[in-house]
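Please look at the structure below.

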Amino acid sequence: MKKFDKERVLLAVAGPVIALAVAFVLSAIVLIASGKNPVEPFALMFEQAGFSDIQVLIVNQASMYYIAALAVAIGFRMNLFNIGVDGQYQLAAMMAAIVGVHANLPAVLQIPLLLLTAVLTGAFWSGIAGVLKITRGVSEVVATIMLNSIATAVIGYLWLPDVFGVKVGNNNTTGEMHDSGWVPGIDMGAAGEVYGLVILAVLLGIGYWVVLNRTRFGFDLRASGASETAAAASGVDPKRMVLTAMLISGGLAGLAGLPILLGDTHTYSLNFPTGIGFLGIGIALLGRNSPVGIAFAALLWAWLDKASPELDFHGYDKEIAVIMQGLIVLSVVVSYEAVREWGLRRQQRRVGAELAAGHVLGATDNTTKEVAGR
Amino acid sequence: MTAVELAGITKRFPGVVANHDIHLTVRKGTVHALVGENGAGKSTLMKILYGMQKPDEGTIAIDGEQVSFSSPADAIARGIGMVHQHFMLADNLTVLENVVLGSEKLYGIGGRARRKIKEISERYGLDVRPDLLVEELGVAARQRVEILKVLYRGARTLILDEPTAVLVPQEVDALFANLRELKSEGLSVIFISHKLGEVLSVADDITVIRRGTTVGTAVPSRTTPRQLAEMMVGSELPTPETAESTVTDRPVLTVEKLRLAAPGGKALLDDVSFTIHAGEVLGIAGVEGNGQTELVDALIGLRHADSGTIRLADEEITAWSTRKRREQGVGYIPEDRHRHGLLLEAPLWENRILGHVTERPNAKGVWLNPKAAQEDTRRIVETYDVRTPGIDVTAASLSGGNQQKLIVGREMSHRPRFLIAAHPTRGVDVGAQAAIWDHIREARREGLAVLLISADLDELIGLSDTLRVIYDGRLVADADPAAITPEELGSAMTGAATGHLEHEENDEPGEDEAR
């Protein structure tokens with residue numbers, strides 16, 4: 001049995017390793033093509049990863065990437081493509097900020113209230129796409145893309161001074177939240193503070209694994225993703241499953257902006273990070289929808305983000321990191337599919353070979369059993 | 001004079017030898033049957049002859065001349081044509097368009113092509129009309145179009161892959177008449193089948209393949225089906241016959257006036273009523289596409305009836321969800337196990353959970369219990385003789401027969417009261433087939449009610465206690481399996497006979513006209 005377990009680990013690691021190697025090589029080629037040293041930028045970025053203040057930045061950034069990628073991944077696990085994580089987390093962060101400005105409860109109630117606001121906002125927004133899909137057959141891809149754009153418009157509206165907006169210089173903000181809703185950071189001394197909600201990200205990762213792998217609901221969800229027809233025949237109500245998965249995905253997405261909102265900015269303004277939802281798609285892909293894989297991928301992405309500004313000081317363009325992210329996503333898609341097919345075929349061959357050799361589970365009279373089926 | 005000679009053909013796929021030292025000699029102007037059970041290597045051999053795969057060893061000679069094919073185009077150029085089991089026709093094009101598609105250079109696409117088609121059709125008695133839309137044609141007519149397509153491209157040797165699998169007995173006879181025309185014109189036919197009666201009636205020579213190699217040849221006039229079967233499986237052929245009746249008077253499943261309509265309003269199922277008692281196997285015979293799939297969907301709850309009721313024992317289950325039905329004792333062996341019965345890329349133990357995720361031992365409350373599920377998977381693998389090196393391999397790595405045994409084991413493990421068995425032994429080797437029949441029989445003895453749908457009439461007649469015939473969404477006829485022949489059943493399947501079918505000792509049934 002051990003052989004097949006080792007096999008699975010090999011397959012799980014082969015995809016990302018190949019993808020990363022290809023991406024590094026291609027990035028180096030891009031550098032050579034533009035007449036630059038193909039090695040030094042990477043050396044500089046690796047060096048950055050050694051500094052503790054950069055490490056804190058990386059962890060903080062990764063926590064948001066991680067939550068966004070989990071939101072994408074839970075959709076992927078059942079073949080739903082929630083492209084709308086971006087709109088969902090921004091709208092959710094905005095609503096949480098507004099509630100945080102206008103409500104002032106004790107911290108033990110305030111923080112859960114803000115989390116709940118974000119979850120419900122995100123779930124509501126993705127739920128629209130879910131309802132459209134199950135009632136009208138609208139592709140969730142199209143619906144969520146549209147909803148992203150609508151979210152931007154809604155946020156713009158909410159920012160108006162006579163709605164919930166507060167102008168600070170040229171910046172649109174929601175005003176500063178009451179400090180009962182602030183989540184204290186974890187002090188790392190001179191290196192800075194790690195967001196308190198990094199812990200939330202870790203808990204969500206654990207919860208994601210437990211729900212998917214250890215609950216009936218998770219099994220139904222994975223079955224729906226693996227084969228819609230087989231899941232339906234097994235008793236999963238496909239429509240309800242689509243809606244549930246969309247709601248969970250959106251609810252998770254709603255939390256993606258909160259580490260920075262509750263841990264640092266305390267207001268939703270024009271400076272609030274955007275695009276985390278889209279990056280989450282690439283990170284979920286690279287992480288193969290597994291909570292551990294996504295953690296590595298989120299850290300990798302955050303590293304590329306936070307280590308690349310240093311390049312500007314050495315005559316390189318920091319956009320190399322963006323190129324690299326793009327190349328990783330491209331190679332990931334290709335290499336995973338190739339590795340998956342290769343692995344499947346390899347296993348079929350091995351099973352054939354093992355059966356031919358008479359290694360049949362539970363057969364005490366191996367020698368007399370023949371291999372009938374093939 | 002030999003048309004085709006294959007000598008010493010060996011084809012290895014990594015880890016598996018699909019063909020080993022195969023010899024096959026097809027004489028000109030004959031029908032040569034290639035028989036063997038599923039998975040014996042017939043398809044691989046024909047793919048080699050048709051240029052879809054290259055042999056690792058061995059030689060192919062056409063008309064005495066050694067050749068090497070690297071694509072089907074090469075094979076076609078040497079006069080080899082293949083009629084696939086699954087038709088490759090475009091429904092929304094006419095017969096003419098289908099035939100010329102891809103061979104426009106031969107006779108153009110207009111009058112010349114039409115004349116050629118008519119000429120071929122008349123010469124071989126194929127009765128193909130070039131201007132009909134393919135979607136208007138029945139299965140048998142489509143098959144004749146496929147044959148004509150191959151002849152149009154100049155084939156002198158035709159490979160027919162399981163051509164009778166989709167035909168009712170009367171259509172089979174008509175096909176065999178066509179084949180005799182072909183050979184009287186000097187063409188050769190390689191006929192792949194595992195139906196022994198047919199093989200013996202149509203073939204001039206027989207080559208038997210077992211476990212990837214040729215185990216012998218036979219002359220039909222001097223061979224009995226039993227001898228042939230023993231060559232094929234290397235042992236005695238199992239029979240589906242059930243010994244004694246176990247039918248009780250306790251109804252388990254009662255369906256009344258079930259109706260299911262397509263979105264356009266056309267009835268897919270209409271006025272379907274039947275009762276299955278504990279210990280009874282009800283067989284549904286019918287040409288595929290007459291409502292069997294819809295009936296199964298309605299019973300398992302994938303589609304909900306437009307009107308009518310379904311009762312399980314004393315409870316009306318018409319409005320129940322699929323999950324509730326399964327929890328309450330409806331077992332399901334689906335027609336298409338890859339689409340409805342398995343998660344191909346998931347390990348066997350997860351496939352053991354599929355369909356029973358809410359039940360013990362798979363779950364405790366809302367939590368999965370992987371340990372217990374794995375333990376139980378091991379038990380199923382051993383009890384139901386699923387040949388696998390372990391329970392962590394993916395379902396896709398098992399052969400069809402072993403996949404099916406896993407499904408049967410899974411469904412039986414939950415002690416169903418009512419089992420839907422749709423084509424339970426389709427694409428399954430003989431050994432697994434016998435095992436599956438045994439399991440169904442055993443469960444029936446313990447009071448299981450079974451709905452059996454099958455295209456294999458011998459299986460239907462042998463296993464069923466009661467037979468009903470479905471035609472165009474209605475149950476049009478019933479028959480006593482102890483007294484009916486496949487031919488009589490086949491005639492009812494074409495809609496020609498209704499009511500209670502009586503076996504007629506001397507005469508052929510009057511309605512017996514091949515369409």
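This is a predicted model: local features need pLDDT of at least 70, side-chain atom pairs count only at pLDDT 80 or more; totals for chains, interfaces and linings use all residues.

Residues are numbered from 1 along each chain as its sequence is written, and chains are lettered from A and ligands numbered from 1 in the order in which they are written.

Student: Is Asp131(B) buried or exposed?
Tutor: A residue is buried if 20 or more other C-beta atoms, placed from the backbone, lie within 10 Å of its own, exposed if 12 or fewer, and partly exposed in between. Asp131(B) has 10 other C-beta atoms within 10 Å, so Asp131(B) is exposed.

Student: Which residues does Asp131(B) touch, not counting those up to four places away in sequence?
Tutor: Two residues are in contact if their C-beta atoms, placed from the backbone, lie within 7 Å. Leaving out residues up to four places away in sequence, Asp131(B) touches Thr94(B), Val95(B) and Leu96(B).

Student: Which residue does a cis peptide bond join to Arg360(B)?
Tutor: Most peptide bonds are trans. Here the bond is cis, with omega about 0°, and the residue joined to Arg360(B) is Pro361(B).

Student: What is the phi of Glu162(B)?
Tutor: Most residues other than glycine have a negative phi. Glu162(B) is not a glycine, yet its phi is positive, at about 45°.

Student: Is Asp472(B) buried or partly exposed?
Tutor: The number of C-beta neighbours inside 10 Å decides this, and Asp472(B) has 15. Asp472(B) therefore counts as partly exposed.
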